[in-house]
Each structure stands twice: as structure tokens, then as C-alpha cells.
Amino acid sequence: MLMRYKNGPRLWTLHWAEVKAAKRFLLATLVLLYATRLLAAEPSPPPATAAADQLKALNDQTIIQSSVWLDTEWDQYKHGAEEATWTLGGLWGSRVSDRQDWALRLKVPFVYDQSDEASGHADIGGLGDVEVATGTAFRLSNSWRTGGGIELHADTASNPALGDSVWRLHSSWSIAHDVTTWLTLTPTAEYSHSIAEENNVAPQRYLELSLPTTFILPYDWSIGTRYKAKIDFENGDRWTHTLDLGVAKRLPNIPVVLSATLEKTLDGGNKKFQVNFTMTYYFERYHMLK
């Protein structure tokens with residue numbers, strides 16, 4: 001496949017491991033779509049409680065609920081470098097049929113970056129890389145769902161230090177299973193590749209396989225975990241591993257969920273850890289997949 005970049009044409013050679021992963025991902029998608037047609041005649045399942053759906057939606061892209069949120073992220077790096085990101089996000093969902101929903105999503109980040117000791121702790125702030133996405137979700141049965149989408153990561157940062165200096169496409173697909181009323185598993189596959197690079201940034205191609213889990217607790221609390229393995233095809237098929245642990249609370253009487261997440265890379269690297277605090281408001285006039 002011949003891709004056109006800023007510095008001229010470049011031959012993009014697919015690795016055998018990447019080809020096998022793509023074939024398996026395509027096969028799983030076709031099987032799930034066929035299963036959706038077979039299950040179309042089943043009666044609609046009873047709706048889950050609004051609070052449980054909202055808590056699950058933090059960790060599960062197969063549940064689409066219209067919402068707006070403010071996320072505060074703090075990244076701590078080695079040698080004293082830090083980065084804070086405030087992201088305003090919105091998701092609009094629309095029903096396609098009794099078993100399918102569709103959504104649009106927008107994320108607008110504002111970034112404050114402080115360099116490491118060697119760079120004199122220079123401070124830079126401004127607009128980060130905007131992301132826009134669309135996706136869909138299907139309810140296969142009372143306890144099984146599937147869904148995915150595609151996202152465009154745009155090179156919109158006001159300063160190269162505040163963004164990735166790439167235009168990147170990110171596609172994902174998930175299968176969710178409510179094992180019990182209080183435990184949901186959502187295996188997810190995500191593939192990303194850059195379509196244009198700036199400022200001499202290297203091309204990006206990687207596959208991420210993750211297993212998010214959500215534990216619903218009494219009084220509208222939840223605990224979420226996520227293990228993620230990343231295969232970097234542009235860096236010798238290098239594997240990296242991260243682990244997330246989060247807690248969330250749905251406020252009484254109003255559709256607001258407060259959540260906090262800690263992410264830690266298990267392979268060392270330059271980043272020590274990442275912390276996120278998020279406030280999400282759900283528009284309850286729109287209900288997902290009855």
C-alpha cells in the first residue's frame with residue numbers, strides 16, 4: 001500500500017503479525033453482525049437502571065448515552081516533567097432501531113506542559129489535539145452487546161509540545177458481557193495509524209488489546225479496572241502493558257457521575273503514572289437500547 005507523506009511517498013509494509021490480527025478482527029466482526037441478524041426477532045430485554053448504565057458507560061463503549069463531561073488529567077514523568085490536560089467532551093446518541101444506537105463524539109483538550117529539569121522547566125499552555133469520532137452499538141441479547149467506531153485525531157495543537165504532531169485514525173470494536181448484575185466484562189481491540197506527520201515525527205501504527213471490567217456496588221458506586229497490551233508495529237513489534245484502576249459514584253437525584261482513575265505503565269518508560277478526575281452529566285431523556 002502506497003501512502004503519501006509530507007516528505008514524499010513511503011512504502012508501508014504490513015507485518016505478518018499485523019495481518020493475522022486484522023484477519024481475526026474482521027472474522028469476529030462478521031460473526032457478530034450475523035449474530036445480530038439472527039437475534040433480531042427476540043423480544044427486547046427489560047432496561048437496566050439508569051445509574052448502572054451510566055456507571056458502566058464510563059468503561060464500556062457498547063452503552064451509548066448522550067452526555068457531556070469535563071476530564072482533568074495529570075501526567076507525571078521522570079526528571080520532573082509534568083503535564084495537565086483539561087478535556088471538554090460531548091457525546092450525542094441517536095436510536096437507529098430497537099437494537100442499535102449510533103453516536104457522535106467530540107473532545108477538545110486544553111494542555112499545560114512543564115518540561116523536565118534539563119530543559120529548565122519551561123511552561124507552555126494552549127489548545128491540544130482535537131478528536132472527533134462516530135460509532136454504533138448493538139444489543140445482541142439481555143446480557144451481550146457489541147459496538148465500535150472510528151475516531152480522527154487531528155493535529156490542532158497550538159504548540160507542537162502540546163500535541164502528537166500527527167493526523168491519526170483510530171478504530172475500535174468491543175464485545176460486552178454482563179456476567180452478573182454487578183460484573184461486566186468488555187474485551188476491546190483498537191487499531192491506530194497515522195495518516196500524516198509533522199515536525200519530523202515518526203509514523204505511528206499500533207494495536208491495543210484491553211480487558212475493561214466494571215463492578216457495580218451498592219449505593220450507586222462502581223469500581224473499574226482495565227488491563228491493556230499495546231503492540232507497536234513501528235518499533236519492532238514492541239509490547240507494552242498498562243493497568244488502570246478507577247472508582248466512580250453516581251450522585252443521588254441528578255444524572256451526574258464523578259470518577260477518578262489511576263493508570264500505571266508496567267514496563268517502566270518515561271511516564272511514572274497518570275491520574276484522571278472526570279465529571280459526567282447524562283441526558284436522561286435519551287435511553288440506550290430498550
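**Salt bridges in the predicted model**

E151 and R105 form a salt bridge, with the closest N and O atoms 2.3 Å apart; the term denotes a side-chain nitrogen of Lys or Arg within 4 Å of a carboxyl oxygen of Asp or Glu. This pair links distant parts of the chain, as E151 lies in strand β8 (residues 144–153) and R105 in strand β5 (residues 100–114), 46 residues apart. Strands (E, at least two residues) are DSSP runs, numbered from the N terminus. E151 is buried, with a relative accessible area of 8%, whereas R105 is partly exposed at 25%. Here buried means under 20% relative accessible area, exposed over 50% and partly exposed in between (1.4 Å probe, protein chains only).

The model is predicted, so local features need pLDDT of at least 70 and side-chain atom pairs count only at pLDDT 80 or more, while totals for chains, interfaces and linings use all residues. Residues are numbered from 1 along each chain as its sequence is written, and side-chain values use heavy atoms, with hydrogens and water left out.

By the salt-bridge rule, the count comes to nine. Another of these joins the side chains of D178 and R145 at 2.8 Å, N to O. D178 in strand β9 (residues 166–180) and R145 in strand β8 are 33 residues apart, and the pair links distant parts of the chain. Both D178 and R145 are buried.

A further salt bridge connects K228 with E208, the closest N and O atoms being 3.8 Å apart. Because K228 lies in strand β13 (residues 221–232) and E208 in strand β12 (residues 205–217), the pair ties together parts 20 residues apart in sequence. K228 is buried, with a relative accessible area of 19%, and E208 is buried at 11%. Finally, salt bridges that share partners join K56, D60, R145 and D178 into one network.

Notes:
Helices (H or I, at least four residues) and strands (E, at least two) are DSSP runs, numbered from the N terminus.
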